[in-house]
Amino acid sequence: MFGQLPMYQKQGKTAFNAKLDKILRFSTHLGNPHTKFKSIHVAGTNGKGSSSHMLASILQEAGYKVGLYTSPHLKDFRERIRINGQVISKKFVVDFVSDNQTFFALNQLSFFEMTVGMAFDCFAKEKVDIAIIEVGLGGRFDSTNIITPEVSLITNIGLDHTDMLGDTLAKIAFEKGGIIKEGVPVVVSEYQAEIATVFEELAKSKMTSLVFAAHTIKDTYKTTLLGKYQFKNCKGVVAALGQLRGFSIAKKHFELGFANVVKNTGLLGRWQVLGDEPTIVCDTAHNKEGLQLVLNQIREAEYKTLHIVLGFVKEKNLAPILALFPKEAHYYFCKPDIPRGLDATILKKNAMVFGLNGAAFLSVKKALSAAYQSASVDDFIFVGGSNFVVAEVV
């Protein structure tokens, strides 16, 4: 799967197929499993993974059998496909690939198309009550966008993947809004005045309702997911479940679901505390908007000295991101262990322009080890910049 097929995780833009023809053909080959279960579709620049896990956790607490499809994975491919928090079996993956290998070869499916088909086939065969489906990239041409969900949730819009989705917030909003379906209610977690009309016009064209959760949800719930930025995600989740018909979800299910997200769904990498004395935290935020929220959270923490282990992928527009980082921190630049990983010496050179000083390391492991050796028990170590950096430390 990883070695023979195009995969965005490894190759970037060249693996992105802005068409739905192949996934539709594959779904027909599988017997259209995407039509055999109910779903909630989740898109957005930041927070869609956390929101998807929250939705799944709450529905699990309400007693439903819940499928969860997310991407990318951090440690194990099977993290992408879960039922009630349990990853699918190795046997299911092996059998699925074996049964469909000829089709893959003849139709040259991408890694993501194949994986989406696997998830939908699994959820149909397991007869889930509902599946939470996270968009991989964008929305309009994402392979997950063949479903007709019960509710569509869009978390927020930021400037990310601009080479594929457009170079303005409005263009990106249009692509994310491509998940809005005829008559299917849509919820937007955050209200961003400059792009609100994009969603309003899309909803109107699809003759469906639109809810901005930031304006309508007053209830607040505590979540065990750390990071104050989760507050906005929680509102979107509450609003989305408020639009879901035919499911019985009580207040206690919301409370327990928010309180047990990691326990119920196995979520990794969101303000995840890896150690104390010194405090070590990692987060998968990897664009300007996401990293700004994480850095705000770091500023509120108590510590003597801040150490930052940082790595990115090659295509990342570094200038607006590096401008966010504090100059007083000690930096440990590293390259995530994938072909798309940005060389640590190049990152160091770019960072110095913004007054960020530190050393370059050959690997994430060596960078974190150096940070740990340098830190005192009262210090704070942050690890991030990319999903792939975090994947090597969780």
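**Exercise 1. Work out the strand order of the open sheet of 8 strands, and find which strands stand at its edges.**

Solution. Start with what counts as a strand: a DSSP run of E with at least two residues, numbered from the N terminus. Two strands pair if DSSP finds at least two bridges between them. In this predicted model, local features need pLDDT of at least 70, side-chain atom pairs count only at pLDDT 80 or more, and totals for chains, interfaces and linings use all residues. Residues are numbered from 1 along each chain as its sequence is written, and side-chain values use heavy atoms, leaving out hydrogens and water.

Now read across the sheet: the order is S4-S3-S2-S5-S1-S6-S7-S8, and the pairing is mixed. At the edges stand S4 (86–87) and S8 (210–212); each has a single partner strand, so one side of each lacks a neighbour in the sheet.

**Exercise 2. In which sense do S7 and S8 pair?**

Solution. Strands of a sheet pair through backbone hydrogen bonds, either parallel or antiparallel. Here S7 (residues 186–188) and S8 pair in the parallel sense, over 3 bridges. Look for Val186, which stands opposite Leu210 in S8.

**Exercise 3. Which residues of helix H2 (residues 21–30) are buried, and what do they pack against?**

Solution. Helices are DSSP runs of H or I with at least four residues, and buried means under 20% relative accessible area with a 1.4 Å probe, protein chains only. Ile23, Phe26, Ser27 and Leu30 are the buried ones. They cover an arc (directions from the helix axis to the C-beta atoms) of only 100 degrees, which puts them on the same side of H2. By contacts (heavy atoms within 4.5 Å), they pack against H4 (90–107) and H5 (111–125).

Definitions and conventions: Buried means under 20% relative accessible area, exposed over 50%, partly exposed in between (1.4 Å probe, protein chains only).
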